[in-house]
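Here is a short report on one protein chain. Look at the sequence and the model first, then read on.

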Amino acid sequence: MQLTNLLFGATRRVMTGKHGNKNFYKGRGVRNPGFNTKFGAYRIVPKKVHEFIVPDLTGFQMKPYVSYRVPQITNEKVTGESLLKDIKTNIDLIIHKEVP
């Protein structure tokens, strides 16, 4: 053991895959889409598989680029009174569930 480790404690840097021992696997922070069975096989759980829902964009007019020359939009500040007024005018559009 080195003297610096005793005086200053362990290093406080970010733990990456290169800083651990040979059994340390950092990963990317995502969960596995399945599990290992007792026979050594791997089962994928359909609920855990990511499903991307992409809308059909055929005939879509807009482009993915937004110019820096677009004029900046300023909105008025939201106060309690203005928020209450907006809620009262749009109360029929708000989806809510009554609790007994």
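Where in the protein chain is confidence lowest, and where is it highest? It is lowest in helix α1 (residues 3-8), with a mean of 57, and highest in β2, with 95. These scores are pLDDT, the predictor's confidence in each residue, from 0 to 100. The chain averages a pLDDT of 82, and 88% of the residues score at least 70.

This is a predicted model: local features need pLDDT of at least 70, side-chain atom pairs count only at pLDDT 80 or more, and totals for chains, interfaces and linings use all residues. Residues are numbered from 1 along each chain as its sequence is written, and side-chain values use heavy atoms, leaving out hydrogens and water.

**Layout.** The protein chain has two helices and two strands. From the N terminus, the order is α-β-β-α. Helices (H or I, at least four residues) and strands (E, at least two) are DSSP runs, numbered from the N terminus.

**Surface.** Of the 100 residues, 1% count as buried. Buried means under 20% relative accessible area, exposed over 50%, partly exposed in between (1.4 Å probe, protein chains only). The chain exposes about 11700 Å², and carbon and sulfur atoms supply 58% of that.

**Two valines.** Both sit in the loop between β2 and α2.

| Residue | Relative accessible area | Class |
|---|---|---|
| Val78 | 66% | exposed |
| Val45 | 25% | partly exposed |

Val45 touches Pro33, Gly34 and Phe35, not counting residues up to four places away in sequence. Contact here means heavy atoms within 4.5 Å. Val45 and Gly34 are eleven residues apart in sequence, yet their C-alpha atoms are 5.0 Å apart in space.

Methods. Accessible areas come from the Shrake-Rupley method with a 1.4 Å probe; for residues, only the protein chains shown count as cover.
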